[in-house]
Amino acid sequence: MQSLQKRLEKEIYQNSKVKIMESLNWCVPVHTIEVEYKRVKRTKMDVLMKMMLISFQKTNINTSAQLSELLMVEQLFIDDLIEVMRKSGLIEKREANIVLTAKGKQQLEQGIFEEEQDPGTHHILFSPTHNNFLAGDIKPASEGEELLQVYRYAKDEKKLAIEQAILLDALHQSNMEDHEGEELIIISEIISSTEMYIDDIPCLEYIVYNEQEDLFFARVWNTLTDQWDEALETQLNEKERLRWREKFL
């Protein structure tokens, strides 16, 4: 921690017009949430599948043999694709005929085939104090960190209530979706979310005074994200600038 402090102070003092008036160390609570989700593989629809869906849409087809004869394609291939399309919810049996579902019509129109994959899980980090998700890796605690006080404006909610749409958006932004050639694996739905644990993330606060501009401002280094934390800096600037002026001037 001492080497980090020296590096940060050196960075702040690159501006010769400023002076560090006070430095503090504290921690901010961050929740680890395990999210289970559904995935689908999205590919460009192949010609045979497209021909079969068009046939189901425009002709009364009730057996794979009938479609095999119509398209002049081996029945084995037809049977395999019918099973795939049935499991994917693109087709169904209705009054003895095989017809397209709403999903099947939509994918045919788009020329895209979506096939469900095995579910996946991922851990995401949420800070109630930031009211946002944070990117970074939880690091092992170093000596003395357990003695740090909690950030004076921390919001430490014991039970989070995050909407599934927000969790889904967080997963989309975490660069977990794979793109290989014409195949794209996308996260389609949240199955469940479980709060695993809460970690106290050390932060380093500096109260800085620019004498030339007669301006106080905070700099806060977040050890989870390994960067200056603009959200926490803004909180401190809004709440404490007047107090800093009264205290230090």
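Mentor: Happy to. Keep in mind that this is a predicted model. Let's begin with Glu240, which is found in helix H7, residues 230–248.

Trainee: Okay, is Glu240 buried or exposed?

Mentor: Glu240 counts as buried because its relative accessible area is 2%, and the cut-off for buried is under 20%.

Trainee: What does the side chain of Glu240 make a polar contact with?

Mentor: With the side chain of Arg152, at 2.6 Å. If you set aside residues up to four places away in sequence, Glu240 touches Arg152 and Tyr153.

Trainee: And Glu233, where does that one lie?

Mentor: Glu233 lies in helix H7. Glu233 is buried, with a relative accessible area of 8%.

Trainee: Which residues is Glu233 in contact with, leaving aside neighbours within four places in sequence?

Mentor: Glu233 is in contact with Ala218, Arg219, Val220 and Trp228.

Trainee: Nice. Switching to helix packing: at what angle do H2 and H3 pack?

Mentor: Helix H2 (residues 47–58) and helix H3 (residues 64–71) pack at an angle of about 115 degrees, and their axes are 11 Å apart. That angle makes H2 roughly perpendicular to H3. The crossing in which H2 passes H3 is right-handed.

Trainee: Which residues make the contact?

Mentor: On H2 they are Leu48, Met51, Met52, Ser55 and Phe56, and on H3 they are Leu67, Leu70 and Leu71. By type, the residues of this H2 with H3 contact are seven nonpolar, one polar and no charged.

Trainee: How do H3 and H4 cross, then?

Mentor: The axes of H3 and H4 cross at roughly 120 degrees and come within 9 Å. H3 and H4 are therefore oblique to each other.

Trainee: How many of the residues in the contact of H3 with H4 are nonpolar, polar and charged?

Mentor: Five are nonpolar, three are polar and one is charged.

Trainee: That leaves H2 and H4. What's the angle there?

Mentor: Roughly 75 degrees, with the axes of H2 and H4 coming within 11 Å. H2 and H4 are therefore roughly perpendicular to each other. From H2 the contact takes in Leu48, Met49, Met52, Leu53 and Phe56, and from H4 it takes in Phe77, Ile78, Leu81, Ile82 and Met85. The residues of the contact of H2 with H4 divide into 10 nonpolar, no polar and no charged.

Trainee: One last spot. Where is Gly89 found?

Mentor: Gly89 is in the loop between helix H4 (75–87) and strand E2 (91–94).

Trainee: How accessible is Gly89?

Mentor: Gly89 is partly exposed, with a relative accessible area of 26%. Leaving aside neighbours within four places in sequence, Gly89 is in contact with Thr101, Lys103 and Gly104.

Trainee: And what separates the C-alpha atoms of Gly89 and Ser23?

Mentor: A distance of 60 Å, for two residues that sit 66 residues apart along the chain.

Methods: Residues are numbered from 1 along each chain as its sequence is written. This is a predicted model: local features need pLDDT of at least 70, side-chain atom pairs count only at pLDDT 80 or more; totals for chains, interfaces and linings use all residues. Side-chain values use heavy atoms; hydrogens and water are left out. Axes are lines fitted to C-alpha atoms, for helices over the stretch in contact, and angles run from 0 to 180 degrees between N-to-C directions. Helices (H or I, at least four residues) and strands (E, at least two) are DSSP runs, numbered from the N terminus. Angles under 35 degrees count as roughly parallel, over 145 as roughly antiparallel, 65 to 115 as roughly perpendicular and the rest as oblique. A crossing is left-handed if the near helix is turned anticlockwise from the far one by less than a right angle, and right-handed if clockwise. Contact means heavy atoms within 4.5 Å. Ala, Val, Leu, Ile, Met, Phe, Trp, Tyr, Cys and Pro count as nonpolar, Asp, Glu, Lys and Arg as charged, and the others, Gly among them, as polar. Buried means under 20% relative accessible area, exposed over 50%, partly exposed in between (1.4 Å probe, protein chains only). A polar contact is a pair of N or O atoms within 3.5 Å; within protein, one must be able to donate a hydrogen and the other to accept it, and residues adjacent in sequence count only if both atoms are side-chain atoms.
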